[in-house]
2 protein chains.
Amino acid sequence: MAVNLPLPQAENLKPVAGVELGWAEAGIRKANRKDVLVVRLAEGSTVAGVFTRNRFCAAPVQVCREHLAAGRGIRALVINTGNANAGTGEPGLANARATCDAVAGALGIGADQVLPFSTGVILEPLPMDRLLAGVPKAIANAREDNWLAAAESIMTTDTQPKAASRTVQIGGKTVTLTGISKGAGMIRPNMATMLGFIATDATVAQPVLQALVSHAADHSFNSITIDGDTSTNDSFVLIATGRAGAPAIERADGAEFTALRDAVTSLAQELAQMIVRDGEGATKLMTIQVEGGRDVAECRQIAYAVAHSPLVKTAFYASDPNLGRILAAVGYAGVDDLDVGGVNLWLDDVWVARDGGRHPDYREEDGQRVMKQAEITVRIALGRGNATATVWTCDLSHDYVSINADYRS
Amino acid sequence: MAVNLPLPQAENLKPVAGVELGWAEAGIRKANRKDVLVVRLAEGSTVAGVFTRNRFCAAPVQVCREHLAAGRGIRALVINTGNANAGTGEPGLANARATCDAVAGALGIGADQVLPFSTGVILEPLPMDRLLAGVPKAIANAREDNWLAAAESIMTTDTQPKAASRTVQIGGKTVTLTGISKGAGMIRPNMATMLGFIATDATVAQPVLQALVSHAADHSFNSITIDGDTSTNDSFVLIATGRAGAPAIERADGAEFTALRDAVTSLAQELAQMIVRDGEGATKLMTIQVEGGRDVAECRQIAYAVAHSPLVKTAFYASDPNLGRILAAVGYAGVDDLDVGGVNLWLDDVWVARDGGRHPDYREEDGQRVMKQAEITVRIALGRGNATATVWTCDLSHDYVSINADYRS
């Protein structure tokens, strides 16, 4: 029941020179589904990432951080679904390293030039025999035009693959960006989401790439929530292969940097919103815009309180304009000196609450009309400053409960 | 589907000398249900309360605070269900005051000797004609043995009334305590819950009563959560009529104070747990015990993260020992310097995780056995101090979604 999420078409996903993607059906958790992905990167590529802030970060996330810090140049990514390799202690770390060793051996590169990623059930050991058997199969079918299959191979409870492309002119050259993402539950990313990858053939120095990935994450994956559960495995990685022949971007300013930053951020937003549109059980996409705050932090705090409220989410599911629930969430968000007498609330173009109370002209049928839509903007004006923040979320339906009650069965 | 919540029996609810309770069917929202309660208090009673910290606190909560501060001695409470009188601005305040005026006029007391309470839908005007017509009817049938009917008259989505009694010896006299509570959703009380009332015939000075109500709230209503939504109307009130002839308690220490405090706290815990047992759609009661923390605040922070996680709650609903979700919630709770290598996890007597990873002796069938129970204790040891905290919560079921999607229909 994804919300306005058309199936990506392979012909719309542009290959990125220097990036080859190969998949395998390794039977990690279930048979007959793509569950291992290997991404080969051309020599000289730069790679930057942001990762979960969950203290129980998964073993592969720890190994990613080590290998990026080693600085030898990343040449491959290996991703499995069906098992998160999280809460697995030292054996889990050894398994993540052994996976990198296998990829490195097959490709003739160093193990610290491989980044591992896992997604799936927490607290269970990775089935290494099946995973290691899948790696050479994935490498054998790696191709530049495999982006759609790559998106399919990282799905868990996703109902469909998530992928998109952009092009941007840098110094007279056309630069391509293509990305994939996955995730539908345990989604309240904190510094990155449950697996997002974007590759470009632009040429970008490593520190600039890190600035780009952080900026894009803050304005995309770090502004979505489905259930408020921050995953142990969130990772968002940006790759620049330098194969477009465009001028190198060496500093985090200037027109070329800005053009690439905007393209990366736009693509990351599209991929992040795809996750919300495909949120577990989602029937609606809600954009929560908070404005007039003293700082971005308090705007985000209020936006997330509204976005996480089970009562708000079930009211949207029911198309019931029980909008006092939104005010209640604004009130308990934890902004202790908030003067509710200055709060205004709109549902799309309908002015629901003025100065903290029901607007005298508000009519239930107007609220009802907007609530029936598949995409709704909730605008909350705090009237105490100029800061703004936007968070995207979805409703809470019977299907969310069914999906998560039955996840392992 | 309340969890191990037997229907209270009228004969087990002991009258409290000096407290008379009367109800009416006023048709506030629906016909043919008790929806107005008036509680008359004998002259000389002391009354103390704690109220919601939601910034959008309801009009009656504001009036309660004013009337308690006026200090003329509270002589009556008036409670309506079906409408929360919240998010209603100045007209809402005027309506709450008019309700007090009506009760005061009928009883020959001052309006500032009346405390008003409302619970129900937010953002809609109180139907004053029906409410004011109900007040004299409620006063007309006020009796000391009406506690069960009183509990029924404050229900909203509750499936059954919540009431209990205690007795305790104070200075050789038997003192009685009887209380009622209501609430099943929008439950994550912050300083009080969605309506709890306890009356005793002990004699207690006002400042001591305030200390008692705060202590009891912290260990009961402020330690439960159903959906993490803090209501605009949470109120918990403690009444002491002094009619038992027991020695007056003038100081917040000593054996008599302690005996009364423990009885009030025990009764408040029972009433609070009744709310969780009757949580919207609840099929299970979970006790989340966090120990070994540096301070109570971080223990509560982690306990609430686990208690609020939709993924944890749906796993309990499904009796699925997908226990990595608990570790993930511990990890994202926001205790930034938590060393997950020191975290241990038990489900009742089953040791699930040791030192941050799966316990080598943990067997899925042991977890499965406990998960099938109706009442489960989740014990989390942080291994970094001596502080502890306990939070009670329930699971997240299809029925929670149904109840809240259909709430106003």
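1. A salt bridge here is a side-chain nitrogen of Lys or Arg within 4 Å of a carboxyl oxygen of Asp or Glu. The model is a predicted one. D158(A) and K162(A) meet that rule, with their closest N and O atoms 2.7 Å apart. D158(A) counts as buried because its relative accessibility is 6%, and K162(A) is likewise buried, at 1%.

2. Two further pairs in chain A can be set beside this one. R363(A) and D366(A) form a salt bridge at 2.9 Å, N to O; R363(A) is partly exposed, with a relative accessible area of 44%, whereas D366(A) counts as buried at 17%. In the pair of D262(A) and R261(A), the closest N and O atoms are 3.5 Å apart. D262(A) is partly exposed at 39% relative accessibility, and R261(A) is partly exposed at 24%.

3. Salt bridges also join into a network, which links R294(A), E298(A), D337(A) and R384(A). Over all chains the count comes to 36 salt bridges.

4. How many salt bridges are there between chain A and chain B? The count is zero. Polar contacts do cross the interface of chain A and chain B: 16 residue pairs qualify, both residues being at pLDDT 80 or more. On the side of chain A that touches chain B, α8 (310-317), α9 (324-332), β13 (357-358) and α11 (398-405) each supply at least two residues. The largest share, seven residues, comes from α9(A). By class, this side of chain A has 25 nonpolar, 16 polar and 12 charged residues.

5. As to extent, 53 residues from chain A and 53 residues from chain B take part in the contact. The area buried between the two chains is about 4,500 Å², and carbon and sulfur atoms give 62% of this.

6. Chain A is superposed on chain B by a rotation of 180° with 0.0 Å of shift along its axis, at an RMSD of 0.0 Å. This is therefore the relation of a two-fold axis. H398(A) has the C-alpha nearest the axis in chain A, 2.7 Å from it. Both copies use the same surface, as 100% of the contact residues of chain A recur in chain B.

7. In chain B, V36(B) lies in strand β2 (residues 36-41). V36(B) counts as buried because its relative accessibility is 0%. Beyond its neighbours within four places in sequence, V36(B) has contacts that include W23(B), I28(B), I79(B), L131(B) and S153(B). S118(B) is 82 residues from V36(B) in sequence, and their C-alpha atoms are 9.4 Å apart.

Terms used: Residues are numbered from 1 along each chain as its sequence is written. Chains are lettered from A and ligands numbered from 1 in the order in which they are written. This is a predicted model: local features need pLDDT of at least 70, side-chain atom pairs count only at pLDDT 80 or more; totals for chains, interfaces and linings use all residues. Side-chain values use heavy atoms; hydrogens and water are left out. Contact means heavy atoms within 4.5 Å. Buried area is the accessible area (1.4 Å probe) that two parts lose on being put together, summed over both. A polar contact is a pair of N or O atoms within 3.5 Å; within protein, one must be able to donate a hydrogen and the other to accept it, and residues adjacent in sequence count only if both atoms are side-chain atoms. Helices (H or I, at least four residues) and strands (E, at least two) are DSSP runs, numbered from the N terminus. Ala, Val, Leu, Ile, Met, Phe, Trp, Tyr, Cys and Pro count as nonpolar, Asp, Glu, Lys and Arg as charged, and the others, Gly among them, as polar. Copies are superposed by least squares on the C-alpha atoms of residues with pLDDT of at least 70 in both. Buried means under 20% relative accessible area, exposed over 50%, partly exposed in between (1.4 Å probe, protein chains only).
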